[in-house]
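Open the structure in your viewer and keep the selection tool at hand. The stops below go one selection at a time.

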Amino acid sequence: MDGYAGRKCVIVGGTHGMGLAVARRLVDGGAEVIVTGRNPENVAKAAQTLGRRAHAVAADITRMADIEALAEAVNKTFGAADFVFANAGIGIFELFEAVNEATYDRYFATNAKGIFFAAQRLAPLVRNGGSFVFTTVTPGNASPGLAVYAGTKAAVKAFARTMAVELLPRDIRVNMVAPGFIDTPTLGIADATPEERAEIHAIGDAATPMKRHGTPDEVASAVLFLAFDATFTTGVELPVDGGISQMDAPMGTEA
Ligand SMILES: NC(=O)c1ccc[n+]([C@@H]2O[C@H](COP(=O)([O-])OP(=O)(O)OC[C@H]3O[C@@H](n4cnc5c(N)ncnc54)[C@H](OP(=O)(O)O)[C@@H]3O)[C@@H](O)[C@H]2O)c1
């Protein structure tokens, strides 16, 4: 399968989970990818796993200097890119009353400010006719403990929709994928203990109408559809969430 042969793609946050799944599908389809992440060991390991068409760039998007260096590396390696997946993000469960300034700043620094400036600095390197996909979160009902996280993703949605308008003259499409509960190594909550992860997993399976978690590969299918196939679609947020944003979970069928 060489459906992506010749494509040059940047995966911001591509070292594990759904970012790595997208990178894997692209490389298997013949594309060349740059995978980034905060932890240099994870980045090197991901690129090695992906093979010779993958390049590793360690860049912590909470640091402007790292974002500038990433843009320089993309320019040097690719010249122009066809697709950017702006996926990096960290999650937290913290009740509204427990949030302090440090946690608020930490999550906004990565999910909102970091993603914004990474997209801004990479946009000039995306060729006319290329595309962006941002990762938000399922637009389901409000959940306890997610005020800050949901706020960061609402910001990402606003950035993406505005970019979609501003990049129209360059024929660059900007869309969003909105995952529900997805079975990644972190489940999107990097600091969770194994016990907390097991609890989140059970809650996710019970709350999801399809009664299971999604796989990173199911998210990758939606991302690649938006990136390359959805040529008359821009500014949309596509839920990949087992129905959680559209319907109640059936009663009496707890997972
Ligand atoms: N899993 C879910 O159920 C779920 C649900 C809804 C939305 N999401 C969203 O989907 C996206 C991916 O989630 P996932 O579960 O696949 O996450 P993941 O496996 O934890 O991967 C997150 C990626 O982002 C990178 N990253 C984190 N902080 C970064 C920083 N400061 N600078 C650069 N890269 C950074 C990580 O790199 P390092 O390993 O090097 O830190 C990693 O490559 C996130 O935006 C998340 O909020 C996830």
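Is Asp-82 buried or exposed? Select Asp-82: this residue is buried, with a relative accessible area of 10%. Bear in mind that the model is predicted.

**Stop 1: salt bridges**

Arg-7 is partly exposed, at a relative accessible area of 27%. Arg-7, Asp-82 and Arg-127 are linked in a network of salt bridges.

Next, pick Arg-106 and Asp-191. Their side chains meet in a salt bridge at 3.1 Å, N to O. Arg-106 lies in helix H4 (residues 101–122) and Asp-191 in the loop between E6 and H6, so this pair ties together parts 85 residues apart in sequence. Arg-106 is partly exposed, with a relative accessible area of 37%.

For a local pair, go to Asp-28 and Arg-24. Their salt bridge has its closest N and O atoms 3.0 Å apart. About one helical turn separates them, because they are four residues apart in helix H1. Asp-28 counts as partly exposed at 46% relative accessibility. Arg-24 is partly exposed as well, with a relative accessible area of 29%. The count of salt bridges comes to nine.

**Stop 2**

Select Asp-66 in helix H3 (residues 64–78). The side chain of Asp-66 reaches the backbone nitrogen of Asp-60 at 2.8 Å.

Then move to Asp-205 in helix H6 (residues 194–207). Asp-205 is also buried and has no salt bridge, and its nearest side chain of opposite charge, Arg-212, is 8.1 Å away.

**Stop 2: helix H7**

Select residues 216–229. Helix H7 has 14 residues and reaches 19 Å from first C-alpha to last, close to the 20 Å expected. Its buried residues include Val-219, Val-223, Leu-226 and Phe-228. Among the elements covering the buried residues of H7 are strand E1 (8–12), helix H1 (17–28) and strand E5 (126–135).

Zoom in on Ala-227 in this helix. Ala-227 counts as buried at 4% relative accessibility. Beyond residues up to four places away in sequence, Ala-227 touches Phe-83, Ser-131, Val-133 and Arg-173. Draw the C-alpha distance to Phe-83: 6.7 Å in space, across 144 residues in sequence.

**Stop 3: back to H3**

Pick Ala-71, also in helix H3. Ala-71 is buried, with a relative accessible area of 10%. Setting aside neighbours within four places in sequence, Ala-71 is in contact with Arg-121, Leu-122 and Leu-125. Arg-121 lies 50 residues away in sequence but 6.3 Å away in space, C-alpha to C-alpha.

**Stop 4: the ligand**

How many residues surround the ligand? Select them: there are 32, and the closest are Thr-15, His-16, Asn-39, Tyr-149 and Thr-184. A backbone N or O atom of Asn-39 lies 2.6 Å from a ligand oxygen atom. On Tyr-149, a side-chain N or O atom is 2.6 Å from an oxygen atom of the ligand. Finish at Gly-188, where a backbone N or O atom lies 3.3 Å from a ligand oxygen atom.

Methods:
Residues are numbered from 1 along each chain as its sequence is written. This is a predicted model: local features need pLDDT of at least 70, side-chain atom pairs count only at pLDDT 80 or more; totals for chains, interfaces and linings use all residues. Side-chain values use heavy atoms; hydrogens and water are left out. Helices (H or I, at least four residues) and strands (E, at least two) are DSSP runs, numbered from the N terminus. The expected span of a helix is 1.5 Å times one less than its number of residues. Buried means under 20% relative accessible area, exposed over 50%, partly exposed in between (1.4 Å probe, protein chains only). Contact means heavy atoms within 4.5 Å. Lys and Arg count as positive and Asp and Glu as negative; His and the chain ends are not counted. A salt bridge is a side-chain nitrogen of Lys or Arg within 4 Å of a carboxyl oxygen of Asp or Glu. A residue is near a molecule or strand if one of its heavy atoms lies within 4 Å of it. A polar contact is a pair of N or O atoms within 3.5 Å; within protein, one must be able to donate a hydrogen and the other to accept it, and residues adjacent in sequence count only if both atoms are side-chain atoms.
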